[in-house]
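The exercises below can be worked through with the sequence and the coordinates open side by side. Try each task before reading its solution.

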Amino acid sequence: MRPSTRFLAAAGFLVSAACSSSRPTPTGANAPDAGMQQVPATGMEGCVIYADGRKTGAVPRQVPELSGLAASQQHPGIFWGHNDSNNAFELFALDETGAVKATLKLTGADPRDIEDIAVGPCAPGGKESCIFLADTGDNFERRKEVRLFRLPEPATVADATLPVESLPFTYEDGAHDAESLIVDTRSGQVGVLTKTRASLGDLYAVEGLKPGGMGKARKLGTLRVPDDVDRLSTAAALHPSGERLLVRTYTRVWELRRPDAKRLEDFVQAQVVEVPGASQAQAEAVTFLEDGRGYLLGSEFAREPLVRVDCR
């Protein structure tokens with residue numbers, strides 16, 4: 001959601017275990033310089049080195065509070081996007097230029113603060129692809145429970161009205177603000193990363209999700225960069241290989257790398273490197289491309305640039 005304090009960040013690597021809470025200020029003024037020195041991802045699926053980001057389009061007027069992006073698994077070149085709180089309960093099929101290819105009106109729930117989106121198996125081990133929306137925003141950390149919304153990924157890219165399933169859960173250690181949703185496309189494991197001033201965030205595995213039930217978010221550890229110089233995570237995305245995790249903040253993009261990662265908890269001990277970002281007014285969205293060879297960056301505010309980062 002909209003913030004209010006400013007942070008500068010630097011590159012590095014490392015992750016460990018701790019805890020806290022948060023609140024920020026967005027600005028595109030401190031985006032990384034073009035041609036930044038990168039750490040090669042040797043021997044891993046995806047890009048070894050990333051190219052500098054290039055503008056592919058702009059945030060459309062229909063999504064002025066773009067808060068999450070996720071690459072479709074059914075429709076190459078399509079990205080599912082959504083607005084932040086205080087907007088209609090809708091989902092948009094976008095291309096990388098920002099053109100709206102379809103609008104999905106969603107029913108069956110009354111969301112409070114949707115902050116991120118991911119696409120993955122509808123159930124662990126299942127083959128059907130679902131879209132997950134994270135109604136996990138909680139600026140003052142007062143919500144007794146938060147929710148994910150789940151719907152099957154549509155077979156066609158067309159305007160429609162579709163119901164969602166509500167999957168409520170609580171944190172094992174009390175309320176948290178979270179703007180980052182992670183779904184492992186291999187296993188269906190679901191995770192959230194909290195938004196805190198103390199670190200990149202506390203990583204939780206969300207278990208026992210089912211309609212009419214109550215899931216539990218179990219803490220796996222805390223993600224950090226050296227000296228905690230960057231924090232307040234606003235979005236995350238897991239690579240199709242499950243071995244690379246992008247984490248976005250207001251000023252930087254970080255990639256956590258773990259070549260042998262089998263589950264989200266493996267990222268609590270991972271290499272963390274800075275990768276190319278973008279100058280955007282309020283950096284709140286990131287997704288790997290469907291093939292994992294690059295990523296797309298989005299921002300709140302209509303006409304802000306959409307920026308694609310490919311392999312060099």
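**Exercise 1.** What volume does the largest pocket have?

*Solution.* The model is a predicted one, in which local features need pLDDT of at least 70, side-chain atom pairs count only at pLDDT 80 or more, and totals for chains, interfaces and linings use all residues. Residues are numbered from 1 along each chain as its sequence is written, and side-chain values use heavy atoms, with hydrogens and water left out.

The volume of the largest pocket is about 280 Å³. A pocket here is an open set of points on a 1 Å grid over the protein atoms alone, with protein on both sides within 12 Å along at least five of seven lines, and its lining residues have an atom within 4 Å of a point. The lining comprises 22 residues, and Ala-71, Val-119, Thr-185, Leu-238 and Thr-287 are the closest to the centre of this pocket.

Next, assign the lining to strands, which are DSSP runs of at least two residues, numbered from the N terminus. At least two lining residues come from each of E2 (66-71), E6 (116-121), E11 (178-183), E15 (235-238) and E19 (283-288).

**Exercise 2.** Which residues lie nearest the centre of the second largest pocket?

*Solution.* Begin with the volume of the second largest pocket, about 240 Å³. Among its 17 lining residues, those nearest the centre are Pro-124, Gly-188, Gln-189, Val-190 and Val-206. Then look for the strand that gives the most to this lining: that is E13 (residues 201-207), with 3 residues.

**Exercise 3.** Is Val-183 buried or exposed?

*Solution.* Locate Val-183 in strand E11. Because its relative accessibility is 6%, Val-183 counts as buried, the term meaning under 20% relative accessible area with a 1.4 Å probe and protein chains only. Beyond residues up to four places away in sequence, Val-183 touches several others, including Val-119, Phe-132, Gln-189 and Leu-238, where contact means heavy atoms within 4.5 Å.

**Exercise 4.** In what order do the 4 strands of the open sheet follow one another?

*Solution.* The order is E1-E21-E20-E19, with antiparallel pairing, two strands being paired if DSSP finds at least two bridges between them. Strand E1 (54-58) and E19 each have a single partner strand, so one side of each is left without a neighbour in the sheet. For the pair E20 (residues 294-299) and E21 (residues 305-310), count 4 bridges; in one of them, Tyr-295 has Val-309 of E21 as its bridge partner.

Note on methods: 1 Å grid on protein atoms, 1.4 Å probe; cavity = no way out; pocket = protein on both sides within 12 Å on 5 of 7 lines; lining within 4 Å. Points joined across faces, edges and corners; volume = space filled by probe spheres on them. Buried < 20%, exposed > 50% of the residue type's maximum accessible area, 1.4 Å probe, protein only.
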